[in-house]
Every structure is written in C-alpha cells, then in structure tokens.
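Work through the exercises below with the coordinates open, and try each task before reading its solution.

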Amino acid sequence: MSSGNSTGSPPGPLPRRAFLRLGLAGLAAAAVGGVAAAAARAGERRTHVWQLDPGKCVQCGRCETACVLTPSAVKAVHAYDLCGYCRLCGGYHHPQARSIDSAAENQLCPTGAIRRTFVEDPFFEYTIVEDRCIGCAVCVKGCAMFGNGSLFLQVRHDRCVNCNDCAIARVCPADAFRRVPVDAPYLLKGDAR
Amino acid sequence: MRPRATRPAAGARRGTLALALLAVGALPGVPTAAANVQRFPRPDFTSGYTPPTLTTPAPRAFGLEVLDVALLAAALVLAGHLALRRRSRKGLLALTVACLAYFGFVRQGCVCPIGSIQNVALAFGDAGFAVPLTVVAFFALPLLFALFHGRTFCAAVCPLGAIQEVVVWRPRKLPPWLNQTLGTIPWVYLGVALLFAATATDFLVCRWDPFVGFFRFGAPLPMALFGAGLLVLGLFVGRPYCRFLCPYGALLRVFSRLSRRHVTITPGSCIQCRLCENACPYDAIRKPADLAPPEPPARGARRLAILLAAAPLVALAAAGTGAAFGAGLSRANRDVALALELHGAEADNGAAPSLEREAFFTSGLPEGPLFDRARVVQRTFAAGGALLGGALGLMASAKLLGLSVWRSRTDYEPDRAHCVSCARCFSACPVKPEPKT
C-alpha cells in the first residue's frame with residue numbers, strides 16, 4: 001500500500017485514510033499540548049533542586065550510600081558561627097579517644113576529612129575537606145549529640161546532578177529531602193539561615 | 001540573640017564538660033534530630049581570628065537548562081533532515097554519537113524525555129509540584145516531532161537508544177509472536193510508572209534506567225549488571241530496551257503511526273527485489289502480503305465476532321486483576337509502608353523498628369494525617385490499577401483484532417510504529433532516487 005502523501009498522488013480531496021491520519025495526528029498534538037500546558041500550569045515555574053533539611057535529618061548514613069554519585073553529592077558543612085571551637089570536639093574526636101589531639105586513631109571521621117587547626121588557646125577550628133568527605137554523617141551525629149550541632153549535611157550543588165527523582169530522598173527515613181527553588185538552594189543553620 | 005551558656009574559664013574545663021556530655025549522650029533515647037542546642041558558647045576570639053564563611057556553590061544556571069532544550073530541538077530537526085531529506089545513515093550515526101556524548105555522558109542522562117513522563121504525571125498527582133518548563137519541553141518536543149517525522153528522536157537523539165544503536169552487531173530476527181508479546185511490556189511499564197509517579201511513590205523509570213550508570217560511571221551492582229546484560233543482548237537482538245521496555249517508546253509508537261512523513265525504505269518505487277528484507281535489525285520491515293486473504297471470509301468474520309464479544313470481558317477481568325495488583329503495589333509508597341508498620345506496631349510483633357519508624361517518633365508528628373495520606377494513596381493505587389488493567393485489557397483485544405484483520409500490502413515498507421528511522425535499510429535498496437521534477 002502506498003500512502004496518500006506520495007508525490008505522485010493526484011490533486012483532489014484527501015484519501016480517507018490520509019484524512020483519518022491527519023485528524024488523529026491533530027488530536028494527538030492537541031493532547032500533548034494540553035497535557036504539557038496543564039502540567040506547567042500556574043504556580044512556581046522556577047527550576048527546583050534537591051536539598052535536605054538539617055532540622056529533620058537523623059544522621060542515618062543513607063546519604064553516603066544512596067546517592068547516584070560516588071562519593072555522594074551530600075557533604076558535611078560547618079556553620080562556624082554555631083561552633084564552640086571546642087578542644088574536644090564531639091564531631092571530630094572518637095568517643096573512646098585516648099587523647100585529645102589530631103592523631104588518626106582519635107578521629108571519628110572515617111576518611112580524615114575534617115581538618116583541626118589551632119586558633120588560640122583553647123580554641124580549635126574544624127574545617128571540612130570536601131574532596132574527602134563522603135557524607136556519612138558520623139561527624140554530624142557526634143556534633144548533634146555532644147556539641148552545638150554546627151556540623152550538618154547539605155547537598156552540594158556543584159556536585160549534585162539534580163536527578164529527576166533524588167535517590168536519597170526516596171530512602172531518607174526522616175523525609176528530610178525536598179525540592180527547593182533554584183535561587184535558594186541551601187537550607188542552612190546558623191546566621192546564614 | 002543566641003542563648004549563651006556560662007563561660008568556661010579554660011580549655012580543660014571545656015574538655016571535662018564535653019566528656020561529661022559524652023557520657024550522658026551515650027545513654028539511649030537521646031533525640032538526635034533536635035540538634036540546635038547551643039551547648040557551648042561562641043568564643044570571643046582575642047587573636048583577631050575571623051571565622052570562615054560557609055560556601056554555597058550555585059546549582060547549574062537556568063540558561064544552561066534552556067540551552068539543553070534548544071539543543072534537543074536542534075538535534076530533532078537535524079535528525080528529521082538527515083533521515084527524511086538526506087537519507088544519510090552516516091549523518092544519523094554521527095548525530096547519534098554526538099547526542100550520546102552530550103545528553104548521555106556530559107548531561108549524565110538527566111533530564112531525559114523518557115523520565116519526564118513521570119514529572120508530568122507527578123504534576124497531576126501533586127498540586128504542590130510544578131514541573132519546570134524545560135522538563136515539559138523535554139516531554140513534549142520528541143512527541144510533537146514524531147507527528148511530523150516519525151521516531152527520529154529514537155534514531156539519533158535519545159542517549160539510551162544511541163548506546164544500544166552502536167552495539168548492534170549480529171542482529172537476529174525474533175519470531176513474530178515473541179516480538180509482539182514482548183512489545184506489550186512497555187505499555188504495562190508505562191502504566192505502572194505513571195501510577196508510581198502520580199502518587200509520588202517512586203520514579204521507577206529513572207531508578208531502573210539501565211544505562212544511566214554508564215553515563216555516570218557508577219551504578220548499584222544489580223543495575224550495572226542489568227545494563228551490561230541489555231548491552232550484551234543488544235549485540236544479537238537490536239535495541240532490547242527501546243523495543244521491549246521503553247515507556248516513552250510506547251507513546252512514540254502511537255505518534256509515529258500518525259506521522260505526516262516517515263522514512264521509506266526505497267527512495268523511488270519498490271521493485272520487490274527483497275534485498276531489504278533482512279536489513280532491519282529491529283524487525284520493523286513489513287513484507288508485502290497477498291491480495292487474497294488466506295482463509296474463507298466466514299471464518300474470519302466468526303473470529304472477529306468472538307474477539308469483539310470477548311473484549312469487554314477481557315477488559316473487566318484485567319481491571320479486576322489490576323485493582324488487586326495496585327493495592328499490593330501501594331506498599332512501595334513510603335507513607336503506606338510507614339502507616340502499615342505503625343499500625344502493626346500496635347500489635348507489637350516484636351520486630352525491630354525501622355529507621356523510618358524511629359525517625360517518625362523522633363519528629364513527634366501525629367499519626368492521624370499520615371494514616372489519612374496513606375489511605376488516599378492506597379485508594380489511588382487500587383483505582384489506578386483497575387484503570388490500567390482495563391486499558392491494557394482493551395489494548396490486548398485491539399491488538400488481537402488488528403492481527404486478525406487481513407490487510408493487503410504490495411511493497412516492503414517500514415512498520416511506522418516500530419521503525420526507529422535508523423536508516424540501515426536505505427543502503428539495501430538498489431533503486432535510485434527519482435529525479436526531482
């Protein structure tokens with residue numbers, strides 16, 4: 001069967017089959033247009049990105065494993081203005097630390113991603129080395145339990161590929177992940193909030 | 001003003017305090033979600049130290065998202081031009097590789113039209129979720145182009161299609177019954193994926209995307225094996241994902257059937273030389289069929305009558321099955337799962353509480369709204385399952401009817417629904433294009 005739109009067809013009314021096809025195609029185009037328009041209906045049209053609410057986070061450790069990226073796009077971040085700059089840091093030192101120093105065996109972080117630098121007696125600054133951080137939230141848990149909660153997790157948007165459906169959001173037990181507008185992409189603690 | 005505790009005199013005292021807190025914190029039952037306790041005051045630095053500020057790297061710029069849409073549109077225009085006007089397999093292959101590189105490896109496979117179905121579905125299911133216009137464009141553009149050019153999106157633009165397109169090595173023909181049967185899976189997948197997306201349960205199509213792991217150089221082991229398995233299968237059975245799984249492909253089939261123009265195997269008129277018969281790796285070439293039907297008309301009419309009479313029954317049975325399945329599937333929803341667990345917890349079955357349950361108790365939220373939400377989701381799943389089952393039942397009947405009706409065909413021509421316009425068959429045709437008049 002040669003369809004009616006071949007170049008050699010005589011001019012005149014459309015063959016029935018071609019007419020039917022044209023009508024159905026118009027209907028299909030209208031359907032796509034309608035669905036698209038309805039989906040993009042009034043409301044917030046801004047692009048959204050994924051972020052986690054540190055107020056809801058329970059430090060379960062799934063951010064490390066569930067992200068489609070390895071290492072995870074979720075990293076620990078530090079709200080310095082909340083930090084007590086403690087010599088013994090609940091987020092840095094292992095609970096069974098034998099001495100309060102930066103020896104590897106006394107550190108809580110499995111990858112040594114927190115840098116401890118002396119500021120002035122008796123204060124120490126704790127900085128996340130982001131390239132080493134795997135987002136396991138061990139330090140966040142320690143800081144939340146024993147400290148001020150100045151360490152917390154955030155999706156880092158220079159790493160996040162902004163999946164259609166965030167793989168961590170799906171398994172987050174605390175429902176802490178949500179889509180946030182792209183122009184306010186962080187849910188911070190401390191003064192920056 | 002932040003509440004300030006008493007100021008400790010020296011670091012030693014600070015350490016002791018922290019150690020004491022360590023001991024307290026080791027007791028069970030200390031809530032860890034409420035982490036905003038200012039246990040230690042902000043130090044007053046005397047050495048002129050200024051604390052660093054928290055960096056907040058910006059997400060991808062909106063302009064780049066728009067650029068993606070523009071590139072998608074440009075690639076679709078180019079694919080249509082290469083397939084229909086230039087009839088260039090080489091050109092299409094080059095475009096395939098380029099799109100695989102950009103939409104696949106650079107953009108890491110997200111957002112893609114296949115997954116965008118779910119964003120659109122979620123926009124209907126959740127009034128609070130507005131789909132970004134760029135995602136709507138990703139959803140609509142390939143479908144609209146299919147109305148004019150056929151499945152040129154599949155031919156050269158889709159990164160999932162591209163990765164399979166380049167591994168086709170020794171394609172085998174599948175028996176028609178198998179091809180047709182497996183070809184119904186995408187409809188089931190599409191229906192289930194829509195149901196899961198509309199209830200904000202899961203984006204199944206994204207999670208089970210077999211190739212996105214390659215684009216990101218990392219995937220959970222089962223998905224990596226699934227993807228590798230499909231690629232190995234793809235050496236011998238052309239494009240297994242596109243033909244037997246892709247839910248967007250199912251939509252494109254319908255749109256391509258209605259397309260205004262579509263690739264033709266021959267640039268002129270078919271001379272029935274049969275050279276193209278084995279050129280298609282995707283079993284999408286229809287052979288000429290005899291003018292006379294192979295059976296007496298009365299028999300065909302009787303079969304049609306039986307099929308027509310059975311259609312409503314099949315649809316009803318399928319709807320019932322769908323409703324039952326839907327109710328079971330609703331357990332995949334997090335609210336339903338948590339509600340069921342909390343409900344079961346009242347009976348105290350002795351199972352260890354899940355993280356979700358603990359987190360829910362820690363949050364201190366009431367159970368009522370959760371149970372209400374879960375009930376709504378369960379009802380949606382049951383109703384959606386029934387609808388989906390009914391629709392699939394009707395489609396199965398329509399398929400059988402379509403197979404049962406005899407249509408004569410004189411030429412070799414592409415099956416508009418299943419042809420992905422890959423242009424492989426062009427080189428098999430010995431007919432030269434007719435000179436333009």
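The exercises that follow treat a strand, the salt bridges and the surface patches in turn.

The model is predicted, so that local features need pLDDT of at least 70 and side-chain atom pairs count only at pLDDT 80 or more, while totals for chains, interfaces and linings use all residues. Residues are numbered from 1 along each chain as its sequence is written, chains are lettered from A and ligands numbered from 1 in the order in which they are written, and side-chain values use heavy atoms, with hydrogens and water left out.

**Exercise 1. Strand E2 of chain A**

Task: Determine how many residues of strand E2 (residues 74-78) of chain A are buried, and find the strand with which E2(A) pairs.

Solution: Begin with the chain, which has 4 helices and 6 strands; these are DSSP runs numbered from the N terminus, helices being H or I with at least four residues and strands being E with at least two. Along the sequence their order in chain A is α-β-α-β-β-β-α-β-α-β. Next, apply the burial classes: buried means under 20% relative accessible area, exposed means over 50%, and partly exposed lies in between (1.4 Å probe, protein chains only). By this criterion 51% of the 193 residues of chain A are buried, and in E2(A) the count is 5 of 5. Side chains in a regular strand alternate between the two faces of the sheet. Here Val74(A), Ala76(A) and His78(A) point one way, whereas Lys75(A) and Val77(A) point the other way, and all are buried. Finally, look for the partner, given that two strands pair if DSSP finds at least two bridges between them: E2(A) pairs with strand E5 (residues 151-155) of chain A in the antiparallel sense over 5 bridges, with Leu151(A) in E5(A) as the bridge partner of His78(A).

**Exercise 2. Salt bridges**

Task: Locate the salt bridge of Arg170(A), and then describe those formed by Arg60(B).

Solution: The criterion is a side-chain nitrogen of Lys or Arg within 4 Å of a carboxyl oxygen of Asp or Glu, and a search of the whole structure finds 22 such salt bridges over all chains. In one of them, Arg170(A) and Asp202(B) have their closest N and O atoms 3.6 Å apart. This pair crosses between chains, from helix H4 (residues 167-171) of chain A to the loop between helix H9 (185-198) and helix H10 (204-207) of chain B. Arg170(A) is partly exposed because its relative accessible area is 25%, whereas Asp202(B), at 6%, counts as buried.

Turning to Arg60(B), a salt bridge joins its side chain to that of Glu65(B) (3.3 Å, N to O), and another links Arg60(B) to Asp68(B), with the closest N and O atoms 3.3 Å apart. Arg60(B) is partly exposed at 27%, while Glu65(B) is buried at 15% and Asp68(B) is buried at 4%.

**Exercise 3. A nonpolar patch**

Task: Identify which residues make the nonpolar surface patch of about 320 Å².

Solution: Patches take residues with over 30% relative accessible area and no salt bridge, joining like charges within 9 Å and nonpolar side chains (Val, Leu, Ile, Met, Phe, Trp, Tyr) within 5 Å; the areas come from the Shrake-Rupley method with a 1.4 Å probe, and for residues only the protein chains shown count as cover. The patch is made by Leu14(A), Phe19(A) and Leu22(A), and Leu14(A) lies in the segment before helix H1 (16-39) of chain A.
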